[in-house]
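Have a look at the structure, then read on.

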Amino acid sequence: MEQYVIKGGNPLVGEVEIGGAKNAALAILAAATMADETVLIENMPDVRDTNILLQAIESIGAIVERVDRHTVKINGSRISNLVIADDYVKKIRASYYLIGALLGKYKSARVALPGGCNIGSRPIDQHIKGWKALGADVKIEHGLIITEAEKLSGSHIYMDVVSVGATINVMMSAVMAEGQTIIENAAKEPHVVDVANFLNSMGANIKGAGTDVIRIKGTGRLHGTEYTIIPDQIEAGTFMFAAAITKGDITVKNVIPKHLESISAKLAEIGCEIEESDDAVRVVASKPLTHTQVKTLPYPGFPTDMQPQMVVTLALARGASIVTESIFENRFKYVDEMTRMGGDIKVEGNTAFINGVEKYTGASITAPDLRAGAALVIAGLSAEGITTVDDIKYIERGYEDFHIKLQSLGAVIERVDSERELQKFKLKIG
Ligand code: EPZ
């Protein structure tokens, strides 16, 4: 029963170091298997998702060496198995990035088909469309995606939806295709750019990442590199909202402020002061928060991965707010938990109608997924009394030392794994 137990009410104050971007790391670790030389990756977040993907990478015969907590070496020269077992894909969807990597390098990959997940149905038709356009044969049999190609040839691919996963997966395969590939309507997220930069540092020729047209000249062979992953936009955004919701003053350090612009802009709009420097952003919430309207959109729009943190914060702001989720259909599951804490939020379709309340009261709640889980924790930090958050395994998929970083900002939060520890915490805080 691992849980976070929280005594809310303290404004969070101080500085917090942001780690490497989980969603960039997942693609970069998969892409690292494409070289036959050793690749050194720094600023890798030590979270459950990256650790499971590293196990999947080892399971196909690549050599993985942990240099330290945030540095890993990968050598893909001895890959002997092009099948990724169901176990890994069930635990982590992003193991499908190994299809893009292995299809590119070995012209063959068999990976269990990822199903839906807690935030929606999550089809992969755009990935498949891209691989087929490159000349691969793609079949789904016995729950596996089977991709094979005699050779891959560059192609002109228009993505029907803006997809981070499809853009990255097809980009990885296209690096190893003969000739030029153009991906139109590509995703522009910072992690797409980071993966392109990483591949370029291995000898790929990718231009235009960060715009909606990416041009890739096939290279055929990639070499070793040393690369540092960008800071995590969503971890940073979560701490920025933790400042807002607890009426605190937090500086997120080791960030790229440009990546946080949509988040900073919304926080300023609801009444926070934002100070940016080269690699840090400070959020001061000294005034009452006010209502707003938000719609999640692909980058540079407001990220879907920040939607729950936004909603729990607006539910304590004055007035009526509206939040529309346009990326994933099932991302309001946590709203029932917010009701248990006193939130006044009604969901109709993909829109949450929020009436700001004066305060939350602590309750026993359950994290339904990664970002919603983090949002519930910051709601608990602003609530009166004690909140327990169950199913924190979701939160640990993507936040390294979440409770420890929060403690360093003055939060009263513990990670407990027994009723005895829970009672001990309650006694300690009185
Ligand atoms: C990535 O998921 C992230 N995951 C998600 O972060 C994030 O929420 C999402 O991008 C949007 O920013 C990783 O990077 C590992 P998409 P991904 O393909 O790539 C539809 C987190 O909390 N679509 O950009 O799976 C899809 O249904 C996670 O860290 C298709 O229709 O997202 C969705 O509506 C959760 N067909 C939209 O596109 C496809 O073939 C965007 O999805 C692919 C996607």
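## About the model

This is a predicted model, in which local features need pLDDT of at least 70 and side-chain atom pairs count only at pLDDT 80 or more, while totals for chains, interfaces and linings use all residues. Residues are numbered from 1 along each chain as its sequence is written, and side-chain values use heavy atoms, with hydrogens and water left out.

## Overall build

The protein has 15 helices and 24 strands (DSSP runs numbered from the N terminus: helices are H or I with at least four residues, strands are E with at least two). Its radius of gyration is 22 Å, close to the 22 Å from the globule rule for 430 residues, so the protein is as compact as a globular protein of that length. That radius is taken over C-alpha atoms, and the rule is 2.2 Å times the number of residues to the power 0.38.

Along the principal axes, the C-alpha trace spans about 65 × 45 × 40 Å. Of the 430 residues, 57% count as buried (under 20% relative accessible area, with a 1.4 Å probe and protein chains only).

## Around the ligand

There are 23 residues around the ligand, and Q126, S163, V164, D305 and I327 come nearest (a residue is near if one of its heavy atoms lies within 4 Å). This shell divides into 11 nonpolar, six polar and six charged residues, with Gly counted as polar, Tyr, Cys and Pro among the nonpolar, and Asp, Glu, Lys and Arg as charged. Domain 1 (3-18 + 231-429) and domain 2 (22-228) each give at least three residues to the shell, the bounds coming from an automatic or database domain assignment. Helices α1 (22-32), α5 (125-133), α6 (164-175) and α12 (370-382) each supply at least two.

Which atoms meet the ligand's oxygen atoms? From P123, a backbone N or O atom lies 3.3 Å from an oxygen of the ligand. The protein covers 87% of the 830 Å² of accessible area that the ligand has on its own (Shrake-Rupley method, 1.4 Å probe).

## Two local spots

T388 sits in strand β23 (residues 386-390) and is buried, at 7% relative accessible area. Its side chain joins that of S364 through a polar contact of 3.1 Å (a pair of N or O atoms within 3.5 Å; within protein, one must be able to donate a hydrogen and the other to accept it, and residues adjacent in sequence count only if both atoms are side-chain atoms).

Helix α10 (residues 307-314) is mostly covered, with eight of its eight residues buried. Among them are Q307, M310 and L314.

Definitions and conventions:
Buried means under 20% relative accessible area, exposed over 50%, partly exposed in between (1.4 Å probe, protein chains only).
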